[in-house]
Amino acid sequence: MASEDVKTSESAVSTIVNLAEEAKLAREGVKAPSYAVLSICKSLVAGGVAGGVSRTVVAPLERMKILLQVQNPHNIKYNGTIQGLKYIWRTEGLRGLFKGNGTNCARIVPNSAVKFFSYEQASKGILYFYREKTGNEDAQLTPLLRLGAGACAGIIAMSATYPMDMVRGRITVQTAKSPYQYRGMFHALSTVLREEGPRALYKGWLPSVIGVIPYVGLNFAVYESLKDWLIKARPFGLVEDSELSVITRLACGAAAGTVGQTVAYPLDVIRRRMQMVGWKDASSVLTGDGRSKASLEYTGMVDAFRKTVRHEGFGALYKGLIPNSVKVVPSIAMAFVTYEVVKDILGVEIRISD
């Protein structure tokens, strides 16, 4: 009898445990999709805020960089960063320094949101397959794997928002003397579609894809690898309780931005020049006010490289590098830190390699 009572008790306990497990799974099954959607939304919001804040802060330098990249070599208006910014201030005022920033933010907010979210998802997928291949459940992402995840994220984000980047470039180089003015992003998009066709919205896409692989890939790889190294090595007392300070994370982001933009910069110059092809009412910055007009016709990326180097020298591939360097360091640093801070506020898990 005693043994039967024990068996009955064990059976009852087992039934209760099974029912509890089933209830738990049922609850998780109902909540999982909504939690996943909420997590995705938070991640996208954090990425969008990071992109908007980081680009607005450095908007004058961004415009100066593009003007130096595309100006007519036979009629130089902008001799350098300081002189160029002073010239814009004198001729166009404060609004001139931020021309094109609204369009840039309209582009960079979804671009940054998609980029950060894509990086997280690509990292998780790559890490899963890497652990499956190595058979090591504790394996972490290597710098090379992070580079691959960052490259995937960059290509996806850039391709999704490229038309906005193309018209943003044109709006940015407009000056008071431009024969035709785009009134905004949507007006520019409709005008390009009507006058040049849908393919025009993707002019310069190929060098952008090639350039985004080392640029975004190296940004993420260097940033994440530096963070991991600092947390593990703890040099100079920079790490407390496995957490990096905001200043340290800014420094990591600055280093990542410097490496990425230096490697990919020539492709950015070629991309901008190809985006101006076919603009019949091109800005006077491009045409040189009608004097000694330089050809803006390129048959492709290789032709653009060849003509730029032949007519202006190898140094032309790095036109605007100084304002871009001054811009990209705080921009990338602020983007990474803003993203992590916003995600902390929203309560989203950040660590990819865990």
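I began with the order of elements: from the N terminus on, the protein runs α-α-α-α-α-α-α-β-β-α-α-α-α. I counted 11 helices and 2 strands, taken as DSSP runs numbered from the N terminus (helices H or I, at least four residues; strands E, at least two).

A note to myself on the basis: this is a predicted model, where local features need pLDDT of at least 70, side-chain atom pairs count only at pLDDT 80 or more, and totals for chains, interfaces and linings use all residues. Residues are numbered from 1 along each chain as its sequence is written, and side-chain values use heavy atoms, with hydrogens and water left out.

Next I looked up burial. Of the 354 residues, 47% are buried (under 20% relative accessible area; exposed is over 50%, partly exposed in between; 1.4 Å probe, protein chains only).

Then I turned to cysteines. My search of the whole structure for disulfides found 0 (cysteine sulfur atoms within 2.5 Å). Cys152 is partly exposed at 37% relative accessibility, while Cys252 is buried at 3%.

How many aromatic pairs does the structure hold? I found 8 (ring centres of Phe, Tyr and Trp, its six-membered ring, within 6.5 Å; planes under 30 degrees apart are stacked, over 60 edge-to-face, the rest tilted). One of them joins Tyr78 and Tyr87 edge-to-face, with centres 5.6 Å apart and planes at 85°. Tyr78 is buried at 2% relative accessibility.

I also checked Phe116 and Phe220, an edge-to-face pair with centres 5.7 Å apart and planes at 80°. Phe116 sits in helix α4 (residues 101-134) and Phe220 in helix α7 (residues 205-233), so their pair ties together parts 104 residues apart in sequence. Both Phe116 and Phe220 are buried.
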